Amino acid sequence: MEGLYLLARKVVEKRFPYDKDIQPLFIAELYGLLRKYKNYSNIVCDIFLQTDIFLEKKTIDEILEEHNIEAEYDSDGNNRTYAISSLGYEFIYDTDKGVTCEKGPSFIACSLLDVDLAHVLNSFVHEMSHLIKSVIRSHAIIQDKNKPEYYLRSGVSLFLYQYNIKKDIMKSCCQFSGLDEAINTVQTTEILNDILSLREFVDDRDMVKFFNDINISNMKKDCGYEDITILFRKIWCIPSFRDLIEENIVEGDIDTIIYKFNELFSDKYAFFRFASIFDEYDTLDNSMENQKIKNQMLKEFKRCLNKFKSLEKKHIKRL
Ligand SMILES: [Zn+2]
């Protein structure tokens with residue numbers, strides 16, 4: 001693992017040669033990401049080197065305004081309005097050319113208001129992780145004469161934009177984003193735990209100081225999306241489920257994930273129903289009516305969980 005640390009160090013020193021104070025934070029971050037996405041070290045390093053990074057003691061809106069970024073965004077989870085990111089794709093509609101795509105600079109904006117160092121590290125890893133999982137199969141354009149469409153992918157989530165020429169309106173919708181946030185949140189915590197292993201072999205003075213200053217127990221906690229993450233962890237710890245996601249998510253092979261999931265249940269809507277739980281669960285309050293819907297979702301979740309558990313048992317028996 002020392003090789004990954006040295007690589008992280010080299011890349012950070014290249015990007016921030018004069019910012020000695022900030023280097024340990026980024027070295028820690030990059031080391032964790034390189035461990036998690038070990039088959040994609042080029043993507044990890046390229047994103048880090050090419051992404052505009054805004055870390056400021058301002059709100060996200062103020063940071064975006066200051067840098068003239070027009071970003072459409074939903075606050076990224078209840079507790080996560082302090083960090084957003086984008087790969088910078090811009091789509092333009094023209095009557096002659098249809099939809100065309102331009103790639104602007106990618107960015108991560110992170111507010112330093114009222115957060116400790118562990119939170120900053122968590123936010124940064126979380127947003128970088130979103131970007132890494134958006135590079136391959138990042139977007140698609142479907143040129144339809146009447147309703148041209150384009151998709152943007154991030155992890156397992158798909159954002160669809162459809163342009164209605166007759167009505168001159170743009171419609172957008174998003175699929176599987178709740179599930180994607182659950183995945184990204186637990187992966188972020190795993191990456192932060194990996195970062196802690198640096199303490200075993202790194203004796204660089206600035207790195208040692210970094211680990212002395214950071215709140216270690218805050219590094220071990222999931223940050224944001226608590227309602228769905230508690231639920232999600234129960235299935236994430238089952239290797240066959242986790243492998244299905246992790247083997248395909250960076251490649252953007254969502255079709256394989258959906259196909260294999262559905263095949264397991266012999267039901268072509270199984271994945272859709274499963275993912276919908278995470279899209280909707282934390283949007284429902286605790287009113288009687290919504291509680292009923294939530295219970296239904298929990299039942300569906302349990303059904304999926306048991307299926308994957310039974311798969312593990314069969315697998316162990318075979319071994
Ligand atoms: Zn997120």
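Hi everyone, a definition to begin: a helix crossing is left-handed if the near helix is turned anticlockwise from the far one by less than a right angle, and right-handed if clockwise. This is a predicted model, in which local features need pLDDT of at least 70, side-chain atom pairs count only at pLDDT 80 or more, and totals for chains, interfaces and linings use all residues. Residues are numbered from 1 along each chain as its sequence is written.

By that definition, α3 makes a right-handed crossing with α5. Helices here are DSSP runs of H or I with at least four residues, and strands are runs of E with at least two, numbered from the N terminus. The axes of α3 (residues 41-50) and α5 (residues 117-132) come within 10 Å and cross at roughly 120°. Axes are lines fitted to C-alpha atoms, for helices over the stretch in contact, with angles from 0 to 180 degrees between N-to-C directions. That makes α3 oblique to α5; under 35 degrees is roughly parallel, over 145 roughly antiparallel, 65 to 115 roughly perpendicular, and the rest oblique.

Who meets whom? Ile 43, Val 44 and Ile 47 in α3 meet Met 128, Leu 131 and Ile 132 in α5, where contact means C-beta atoms, placed from the backbone, within 7 Å.

Now to Leu 34, which sits in helix α2 (residues 23-36). Leaving out residues up to four places away in sequence, Leu 34 touches Leu 4, Leu 7, Ala 8, Ser 41 and Val 44.

Methods:
Contact = placed C-beta atoms within 7 Å.
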